[in-house]
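Subject: Handover of a two-chain model

Dear colleague,

Please find below the structure that I am passing to you. My notes on it follow directly after.

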Amino acid sequence: MPLRLIPDETKIPFMRYAPLAVPTSLLAMVASLTLFFVVGLNLGIDFKGGTLIEVQSSAAEADIGGIRSQLGALGLGDVEVQGFGAPNEVLIRIEAQPGGEAGQQGAVKAVQDTLGFSDYQYRRVEVVGPKVSGELARTGTIAVLVTLIGVLLYIWFRFEWQFAVGAVAALIHDVVLTIGFFSIVQLEFNLSSIAAILTIVGYSLNDTVVVYDRVRETLRKFKQTAITDLLDLAVNQTLSRTILTSLTTLIALSALFFFGGAVIRSFTAAMIWGVFVGTYSSIFIAAPMLIYFKLRPAAAGGSVGPAKA
Amino acid sequence: MLYFARWKIALIALTVLAAVIVAVPNLLPASTAASLPSWLPHKQLVLGLDLRGGAHLLLQVERDSLIEERAETLVSDVRQTLRAERIGYRNLRAKGQTVSLTLRDTADAEKAMTALRPLANPIPSGLFNQSTVSEVDLALDGDRITATLNLEGLEERVRSAVEQSKSVLERRINELGTTEPTIQREGTDRILVQVPGLEDTRRLKDIIGQTAKMTFHMECSDGSLGEALQSRPPAGCEIAEPADEADGPILIESRARISGDDLVDAQPGFDQRSNQPIVSFRFNTRGAAVFGNLTQDNVGRRFAVVLDDKVITAPVIRSPILGGSGQIEGSFTVESAQNLAVLLRAGALPADLTIIEERTVGPSLGQDSIDAGRIAALIGMAAVIVFMLLVYGLFGIFANLALAANIAMVFGILTALQATLTLPGIAGIVLTIGMAVDANVLIFERIREESKLGRTAINAIEAGFSRALGTIMDAQITTLIAAIALFALGSGPIRGFGVTLVIGIMTTIFTAFLLTRLIVATWVRSSRPKSIPI
């Protein structure tokens, strides 16, 4: 007999928690934005410009302190040296150099001249000039906005406008909290973080649409029931699917997090966060929005059984 | 919902089979796959530079240097024209893209404009359309004439500079002997250079970073270097800095006597007496004649070989060089002599190129990423398969069959399209593994619900599929919107992520709508279940 993770016929009154959940989420969003503006994102070179060099030492363990002092003496401004993955691997980040586009290449040369080619292997060199970093930041923002608008239009077209507003509210919630996550953990924010945000948007939306689809169906079935009861019913009916899918996605992402290598670890971490936020927002943001935007007048009393389907 | 026509079953099976067959060569070592006969599928996944290692350089044509150079040429053209017409002027100067001058006599205005008009000559634009754009706008205001390089003309210059640079870079990079470099235009003024498998990019950068404009100048005969350094160089002369700081600057004529354009060959070598690295060169007929005359007339004087505004050598002419070939002795290393020979053979770049983005991944990191991605995908897949088995039992097996077919199809389509697989692309596949089962979960949960409502097994399955498919469609299309945004706006690796996500969504829709349904229908027909084991 198959494993039963979720009991059948749950009757959790989710919407009763909404008056608590929505303000809490708003507070979390305000906190995220405050963090974003006060602490700021740990911007990677994609958006800030600068140089990133990953070296592998031929020794069993890299001399991080030694590298730091050697490179610190070069006068390249802010140089960050940290271990990365295996003990003999080191990640070097150098802030954008003065001198515009042409100035950036000097930093790579200076590092390679200092560390040499016999003791170190250069596994990765990334140099992003100020012009490109500006463009990447712009296209990244556009990508997120275009996605939100596209989703708004599609859901408006397929459902009713309240659903579109609710879905986008949930997505904005997810995006803002993910930015908050990046600010608080100080995870490097780079191009793949934008990809992570867009994927979170996709995942959360997937979840929201499943709930909404059921809401629409129950709306048709129970013409007289109050909206809160309807929403509770829809969320409970889809609950086991919601949890199972979050679990399989989390399983796959965990495999990626632990075995996928250091290069995409921050990407995966953000995605794992996104699965939680996205699942939460479908239930506690997207659904209550339908109440607030008066999808059905709350006073529609009198509960009669299922209408003719 | 559960009835499938024979031809439909055949079509579904064939589609999956075809995808698997296309994907199979990826399991073979590259050399084996390449040696397969051509009638067998033998293509393998195209790996992005982040997986197979290599250099990615985005170069930009320096518009400002192009403008400056054009403005300077325009100044000297104006000077020559007005001198020939004997028209007096003062304050001839270039500022930005505008050249201006003041006439000594306003009466000359018409004559000057007529004389200068040919400078505004249209330059041919495009290969096929013979429309032309005029590059210079002439304007007269009292005694002041301005000639402005207009935007249209500059765009045209930038465009042709990018094209020329592309072919020069192709020639230069091919000399490195690397495999399949790609050099392509990006936007209006950029060139993307990708060289797979290249780990040490120093030589590559040396080779593409230099304009390699070589010119031969005579040493200035009127005036000494000392005086020039004190005040200013005499008219028509300039101070040239040495390439090697051990040498001092030299006062040379501004006018180049011969340029690198007239070279037909350049080779690295060693000087027979000193055994120092040198570059030997040969001129074309025209260059050989000019060089012959020059050396004949100037025995005993110095001349300078200038590369990108730096003097690499300034020997004294001991005897006329008439054969049209010679050698440059600078302070070369073996490698720098080799590089210079390559650059001279490939020709000069029409404008300065700046590296505005570099992403180089060493082959070892690429291989590590492939290995890590493979392990993560296998573990993720195994875990999801076990999970589905535990939760759904027999239906879990159905879901896992569909999942396996799904992933095989993702690889098959990636291979058939020869789309580039990047590290984020692998992440996209792992994510697809996690999310693909969502479609099956939706279907199975719905079937369970329907059966609890008291429907018979077959009825519940029918209803479960028909109700769940609408939801799946909506959910996948919204995800598709995000995936397309990733694909359209992303670059390089991120685009790779978008590609696998889009393909994953399509295969998921296919497997949910057809394959899972076919598997369940087959099971229903063969075992005629009374109840549903989920």
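A crossing of two helices is called left-handed if the near helix is turned anticlockwise from the far one by less than a right angle, and right-handed if clockwise. Helices (H or I, at least four residues) and strands (E, at least two) are DSSP runs, numbered from the N terminus. In these terms, α12(B) passes α13(B) in a right-handed crossing.

The model is predicted, and for that reason local features are reported only at pLDDT of at least 70 and side-chain atom pairs only at pLDDT 80 or more, while totals for chains, interfaces and linings use all residues. Residues are numbered from 1 along each chain as its sequence is written, and chains are lettered from A and ligands numbered from 1 in the order in which they are written.

**Helix pairs in chain B**

Helix α12 of chain B covers residues 394-417 and helix α13 of chain B covers residues 423-452; their axes lie 10 Å apart, and the two pack at an angle of about 140 degrees. Axes here are lines fitted to C-alpha atoms, for helices over the stretch in contact, and angles run from 0 to 180 degrees between N-to-C directions. The angle makes α12(B) oblique to α13(B) (under 35 degrees counts as roughly parallel, over 145 as roughly antiparallel, 65 to 115 as roughly perpendicular and the rest as oblique).

Two residues are taken to be in contact if their C-beta atoms, placed from the backbone, lie within 7 Å. Residues of α12(B) that meet α13(B) include B:Phe395, B:Leu403 and B:Val410, and those on the α13(B) side include B:Ile429, B:Val437 and B:Phe444. By class, this contact of α12(B) with α13(B) has 11 nonpolar, three polar and no charged residues. The classes are as follows: Ala, Val, Leu, Ile, Met, Phe, Trp, Tyr, Cys and Pro count as nonpolar, Asp, Glu, Lys and Arg as charged, and the others, Gly among them, as polar.

A second pair joins helix α6 (residues 151-174) of chain B to helix α10 (residues 334-346) of chain B, whose axes come within 9 Å and cross at roughly 145 degrees. The crossing of α6(B) and α10(B) is right-handed. In α6(B), B:Val168, B:Arg171 and B:Arg172 meet B:Val342, B:Leu343 and B:Ala346 of α10(B). The contact of α6(B) with α10(B) divides into four nonpolar, no polar and two charged residues.

Helix α6 of chain B also holds B:Glu163. This residue, B:Glu163, counts as partly exposed because it has 14 C-beta neighbours inside 10 Å (20 or more other C-beta atoms within 10 Å make a residue buried, 12 or fewer exposed, and anything in between partly exposed, with C-beta atoms placed from the backbone). The C-alpha atoms of B:Glu163 and B:Pro350 are separated by 9.6 Å, although the two residues are 187 residues apart along the chain.

**Backbone points to check in chain B**

Which residues other than glycine have a positive phi, such as one near 55 degrees? B:Arg86 has phi near 55 degrees, and B:Arg528 has phi near 40 degrees. B:Arg86 lies in the loop between α4 (63-84) and β3 (89-95) of chain B, and it counts as exposed, with 8 C-beta neighbours inside 10 Å. B:Arg528 is placed in the segment after α15 (492-527) of chain B and is exposed, with 9 other C-beta atoms within 10 Å.

Chain B has 15 helices and 21 strands. Its radius of gyration is 35 Å, well over the 24 Å that the globule rule gives for 534 residues, so chain B is more spread out than a compact globule. The radius is taken over C-alpha atoms, and the rule is 2.2 Å times the number of residues to the power 0.38. Buried residues make up 40% of chain B.

Chain A has nine helices and six strands. With a radius of gyration of 25 Å, well over the 19 Å that the globule rule gives for 309 residues, chain A is likewise more spread out than a compact globule. Of the residues of chain A, 47% count as buried.

**The interface**

In all, 58 residues of chain A are in contact with 61 residues of chain B. On the side of chain A that touches chain B, α8(A) gives the most, with 14 residues. That side of chain A divides into 32 nonpolar, 17 polar and nine charged residues.

With kind regards
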